[in-house]
Every structure is written in structure tokens, then in C-alpha cells.
Amino acid sequence: MLDLLYPLARTLLFRIDAEKAHHLSMTGLRAAQKSGLLEMLASAPASKPISICGLNFPNPVGLAAGLDKEANTIDALGTLGFGHIEVGTLTPKAQEGNEQPRLFRLPEHQALINRMGFNNPGIDQGLANVRSSNQFQGIVGINIGKNKITPNERANDDYAIAFEKAYPWADYITANFSSPNTPGLRDLQSEESASKLLLTLKSLQQRLCKETGRYVPFALKVAPDLSDAQIQGLSQVFFDGGLDFLIATNTTISREKIQGHRNSQETGGLSGAPLTDRATEVIAMFHQHLGQEIPIIGAGGIFSASDALKKKQAGASLVQLYTGFIYRGPSLIHEIIRAW
Ligand SMILES: Cc1cc2nc3c(=O)[nH]c(=O)nc-3n(C[C@H](O)[C@H](O)[C@H](O)COP(=O)(O)O)c2cc1C
């Protein structure tokens with residue numbers, strides 16, 4: 001039923017400002033979940049279990065980070081059929097993010113540009129929200145980042161604070177060091193900075209695992225704008241540092257595919273269809289270096305089962321959706337699960 005209603009809802013939502021439409025949808029989803037209406041309207045989630053890093057994902061399709069930044073809509077999003085939900089990015093302290101408007105639609109390209117800038121309620125409130133979700137049976141990933149005011153020299157302190165707090169509540173943790181909307185963040189993808197970050201998180205993970213008796217795997221999330229040499233260099237760093245898995249990719253700063261569009265010059269990260277092929281290429285290159293040892297979750301411009309299967313062929317063990325989900329709605333989740 002939702003599959004039929006979504007095109008109408010989308011038409012109405014696309015008439016209002018993108019960020020307002022987002023908040024309206026999330027509020028509506030939570031209300032529909034609470035009343036039981038969402039469960040009545042949603043298709044029954046298909047089961048196609050996949051195990052990676054000791055985690056049992058009920059199906060291969062997850063929600064990418066950035067949609068549920070506050071981690072307060074997990075149960076409703078789970079009802080729509082996602083097998084895993086990555087909340088955040090959450091930073092140690094709450095922050096407002098960039099000035100609005102900061103989210104732009106490019107419907108002619110099936111794309112979005114965002115420069116949200118990690119607007120989030122902070123890790124403590126985010127985790128309180130995670131704890132109050134009690135219906136979702138799938139996997140919850142907690143995506144962490146650094147505050148804008150923290151200089152890069154102290155970035156690892158921010159990641160360590162958020163990692164330690166998230167550990168008891170996460171099925172997995174992702175350190176996001178590839179958003180284009182926090183000044184200097186992507187510099188942390190240099191081999192030197194990445195190996196220091198990995199060292200910090202790995203030793204924390206070892207200590208917390210001993211203390212809690214529970215191993216929580218962690219991922220790093222990379223940009224699609226890395227060169228071949230950077231991909232090769234980072235792959236070695238990931239091996240040496242014992243990374244559990246990788247998420248590829250975040251949004252792109254390239255505007256090559258959207259030249260001439262009225263919004264093409266907005267700064268921020270571009271997502272959606274213009275990113276599809278590049279994200280698949282980056283997954284394939286990382287997979288060539290990492291093999292089966294470090295699994296990859298593929299994201300970037302998935303709009304159909306065929307897009308998802310190309311990510312699988314390139315080496316992705318699972319996929320995540322953001323922009324395709326906005327344009328296509330929940331039917332996309334089920335279409336991919338059936339085809340996987
Ligand atoms: C509005 C918006 C906000 C995002 N915020 C985050 C974020 O906070 N953290 C993160 O790791 N990725 C964030 N992303 C990136 C997505 O998780 C995803 O990696 C990227 O958009 C590529 O997938 P897509 O083409 O399916 O959207 C955001 C994307 C969008 C469109």
C-alpha cells in the first residue's frame with residue numbers, strides 16, 4: 001500500500017523546501033509508527049540474511065547515515081523494511097550545522113546537494129534516542145564525527161569520545177572522515193591521519209571489548225573523490241590497522257555530471273544518480289585491494305535493483321540507500337531485497 005501512496009506523498013513533499021519536507025516526513029513516520037498505521041501500510045519485510053563481521057543482517061539493504069541524524073526514527077524506518085539503519089553523524093557536542101538553506105534538490109538529475117554540516121543533538125542525546133527505540137529487530141550502526149570547532153590535530157579525541165560512548169549501544173560504529181561539509185575533515189583521509197585514527201579506535205575497541213565482553217566492529221566511511229593511488233595507499237593502512245569493514249562512498253564534490261543546472265554551483269556534497277558509477281568504481285578498486293578480508297558496504301546513487309546488483313558485483317556485501325530512497329520510496333528496498 002505504501003508503494004502506491006509514496007509517489008503522491010513525494011509530489012506534495014517536493015513542492016516545499018527540502019529540509020522542511022524532511023522534518024515533516026520524519027515526524028509523519030514517527031506518528032504513523034506509534035499509531036500502528038505504518039505497520040498496516042508497509043509491505044512485510046523479506047528475509048535474506050547476510051553475515052559480516054559477526055553481525056547478522058536480516059537483509060542486504062540499509063539506510064545510509066544522515067537521514068536519521070537524531071536517531072529518533074529507527075523503529076519507523078525499520079518498519080519500512082531496512083535491514084540495518086545507520087544513525088548520525090553524531091558528534092561529541094550538539095551542533096547546529098550550517099546556515100539554511102543547505103539542502104537542494106536536482107530532480108532533473110535525480111540528485112541532491114547538501115551542506116548540512118553535521119547538525120545533530122550530540123552523542124549523549126543521540127544515544128538516549130537509540131535506547132528508546134524498542135521495536136526494530138535489525139542492525140543499528142552509529143555513525144560518529146568530529147565537532148566543527150575541534151581542530152584536526154585533536155580530531156581523534158572527538159572520535160574517541162564518541163566511540164567510547166556509542167560502543168555499548170551500537171551493533172557497529174562508523175567513523176565518518178569523508179564529509180565535504182566540515183572544513184578539513186577529508187584531510188583526515190591522508191594515509192598518516194587515517195593510520196593514527198585507526199590506531200586510536202582499534203586500541204579503544206580492544207579495551208572496550210575486554211571490559212564488556214562484546215566485540216563491536218567498526219567501519220570507516222570514504223569519499224568517492226579519492227585518486228587510485230590514495231585508494232591503494234588507504235587499503236594498506238586499513239589492512240595494517242585491522243579495520244573491520246569499509247563504507248564506500250560518501251557524497252562527491254565533483255560537479256562534472258550536473259553542469260549547467262541552476263543548483264550546480266551550490267557548495268556541498270552531491271548524491272544520487274550522478275554518483276552511481278563513480279561509487280561503484282571506488283567499491284571495485286577497494287575490493288581489488290581488500291579482497292574478502294575487509295567487507296564493503298556500498299552506497300552512492302542506488303535507484304534500482306540493477307544499481308544495487310552492480311555494487312554487489314563490484315564487491316559490496318551490503319548496500320545503503322539515501323537519495324534513491326527519497327526519490328523512489330520504500331518500494332526500492334523490497335525491489336533490491338528480492339533481486340539480491
Ligand atoms: C542530506 C544528506 C545528509 C547526509 N549526511 C550524512 C552524515 O551525516 N553522515 C554520513 O556519513 N553521510 C551522510 N550523507 C551521505 C550518505 O550517507 C551517502 O553516503 C551518500 O549520500 C551517497 O548515497 P546516495 O547517493 O544514495 O545518497 C548524507 C547525504 C545526504 C543526501
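How many residues surround the ligand, and which are the closest? In this predicted model, 27 residues surround the ligand, and the closest are Ala-64, Gly-66, Ser-271, Tyr-322 and Thr-323. The fold includes a barrel in which 8 strands close with parallel pairing, and an open sheet of 3 strands with antiparallel pairing.

**Ligand shell**

- Three elements, β6 (111–114), β11 (269–272) and α11 (323–328), each supply at least two residues of the shell around the ligand.
- By class, the shell around the ligand consists of 11 nonpolar, 14 polar and 2 charged residues.

**Barrel**

- The strand order in the barrel is β3-β4-β7-β8-β9-β10-β12-β13.
- On average, and with direction ignored, neighbouring strands of this sheet are turned by 25° against each other.
- Strand β8 (residues 172–176) and strand β9 (residues 218–222) run parallel and are joined by 4 bridges.
- Helix α10 (residues 305–314) lies across two strands, β12 (296–299) and β13 (316–321). The direction of α10 is at about 145° to that of β13.

**Open sheet**

- The strands of the open sheet follow the order β5-β6-β11.
- β5 (103–106) and β11 stand at the edges with a single partner strand each, so one side of each has no neighbour in the sheet.
- From one strand to the next, the twist averages 20°.
- The pairing of β5 with β6 is antiparallel and extends over 4 bridges; Phe-104 stands opposite Ile-113 in β6.
- Two strands of this sheet, β6 and β11, are also among the elements that each supply at least two residues of the ligand shell.
- In general, strands of a sheet pair through backbone hydrogen bonds, either parallel or antiparallel.

**Packing of α7 and α8**

- Two packed helices are described by the angle between their axes and the distance between the axes.
- For helix α7 (residues 191–212) and helix α8 (residues 228–241), the angle is about 20° and the axes are 10 Å apart.
- Angles under 35 degrees count as roughly parallel, and α7 and α8 are therefore roughly parallel to each other.
- The crossing of α7 and α8 is right-handed.
- On the α7 side, the contact is made by Glu-191, Ala-194, Ser-195, Leu-198, Leu-199 and Lys-202. On the α8 side, Gly-233, Leu-234, Val-237, Asp-240 and Gly-241 take part.
- The residues of this contact divide by class into 5 nonpolar, 3 polar and 3 charged.

**Backbone geometry**

- Most residues other than glycine have a negative phi, and most peptide bonds are trans.
- A cis peptide bond, with omega about 0°, joins Gln-100 and Pro-101. Pro-101 is placed in the loop between β4 (84–90) and β5.
- The peptide bond from Ala-248 to Thr-249 is also cis, and its omega is near 15°. Thr-249 is found in the loop between β10 (245–248) and β11.
- Cys-53, a residue other than glycine, has a positive phi near 50°. Its place is in the loop between β1 (50–52) and β2 (55–57).

Key: Residues numbered from 1 in each chain as written. Predicted model: local features only at pLDDT ≥ 70, side-chain atom pairs only at ≥ 80, totals over all residues. Near = placed C-beta within 6 Å. Nonpolar A, V, L, I, M, F, W, Y, C, P; charged D, E, K, R; others polar. Pairing = 2+ DSSP bridges. Axes fitted to C-alpha atoms, helices over the stretch in contact; angles between N-to-C directions. Parallel < 35°, antiparallel > 145°, perpendicular 65-115°, else oblique. Left-handed = near helix turned anticlockwise from the far one by under 90°. Contact = placed C-beta atoms within 7 Å.
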